[in-house]
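Welcome, and please take a moment with the sequence and the model below. This short report then walks through a few of its features.

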Amino acid sequence: MRTRESIECWVLAGSDLVLLLHVAAGAFPPDGFWQPVTGGIERDESPRDAAVREVWEETALRLEPDALVQVAEGVVVPISDSLQVVKTLFVVHLRSPVAVTTSPDEHDGHRWCPRGDVGGALTWESNRSTWGLVRN
């Protein structure tokens, strides 16, 4: 089985808001889906450095590496019979929501979602599961 390493970074603002990014509609799901910042880890890159880079690429938010709190590592997400993704999870806390510029190559929108609504906004069980690790 092939394994791809990736990161997932949850951006929280104030006491109640979570940044979600919208992936455009495609074959499945037809309406697109909401997710946190996600992305692969490049060769010779640490998970923390990958998270800083992905947050920048996907939101234009510039973060210092020490602003990220690692929540978990080695979270396995089966993709198919021949591929699995192994995630390292991070969270970053901002004082308040900030302006975000999403990458048009990856996302067609974003929103600051109330914490209590995040689980219902997520399409993929893997994201709901990782949100469960982060929100506690």
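## Two tryptophans in the interior

Trp10 and Trp131 are both buried. This is a predicted model, and in it the rings of Trp10 and Trp131 form a tilted aromatic pair, with 5.1 Å from centre to centre and 40 degrees between the planes. Because Trp10 belongs to strand β1 and Trp131 to helix α3, the pair ties together parts that lie 121 residues apart in sequence.

## A second aromatic pair

The structure holds 2 aromatic pairs in total. The other one joins Phe33 and Trp124: their ring centres are 5.3 Å apart and the planes meet at 75 degrees, so this pair is edge-to-face. Here too distant parts of the chain are linked, since Phe33 sits in strand β3 and Trp124 in the loop between α2 (118-121) and α3, 91 residues apart.

How exposed are the two partners? Phe33 has a relative accessible area of 14% and is therefore buried, whereas Trp124, at 27% relative accessibility, counts as partly exposed.

Cys9 is in none, as its nearest cysteine sulfur, that of Cys113, is 16 Å away. A disulfide would need the two sulfur atoms within 2.5 Å.

## The largest pocket

Let us turn to open space in the model. The largest pocket holds about 340 Å³. It is lined by 18 residues, and the closest to its centre are Arg4, Gln35, Thr38, Val85 and Lys87. Several elements give two or more residues to this lining: β1 (2-13), β3 (33-35), β4 (37-40), β6 (83-94) and α3 (125-135).

Which element gives the most to the lining? That is β1, with 4 residues. Sorted by class, the lining of the largest pocket has 8 nonpolar, 7 polar and 3 charged residues.

## Confidence in the model

How far can the details be trusted? The protein has a mean pLDDT of 93, and 99% of its residues reach 70 or more. Confidence is highest in helix α1 (residues 47-59), at a mean of 97, and lowest in α3, at 92.

Conventions: Residues are numbered from 1 along each chain as its sequence is written. This is a predicted model: local features need pLDDT of at least 70, side-chain atom pairs count only at pLDDT 80 or more; totals for chains, interfaces and linings use all residues. Side-chain values use heavy atoms; hydrogens and water are left out. On a 1 Å grid over the protein atoms alone, a cavity is a set of points where a 1.4 Å probe fits but cannot get out, and a pocket is an open set with protein on both sides within 12 Å along at least five of seven lines; lining residues have an atom within 4 Å of a point. Grid points are joined across faces, edges and corners, and a volume is the space filled by probe spheres set on the points. Ala, Val, Leu, Ile, Met, Phe, Trp, Tyr, Cys and Pro count as nonpolar, Asp, Glu, Lys and Arg as charged, and the others, Gly among them, as polar. pLDDT is the predictor's confidence in each residue, from 0 to 100. Rings of Phe, Tyr and Trp (its six-membered ring) pair if their centres lie within 6.5 Å; planes under 30 degrees apart count as stacked, over 60 as edge-to-face and the rest as tilted. Buried means under 20% relative accessible area, exposed over 50%, partly exposed in between (1.4 Å probe, protein chains only).
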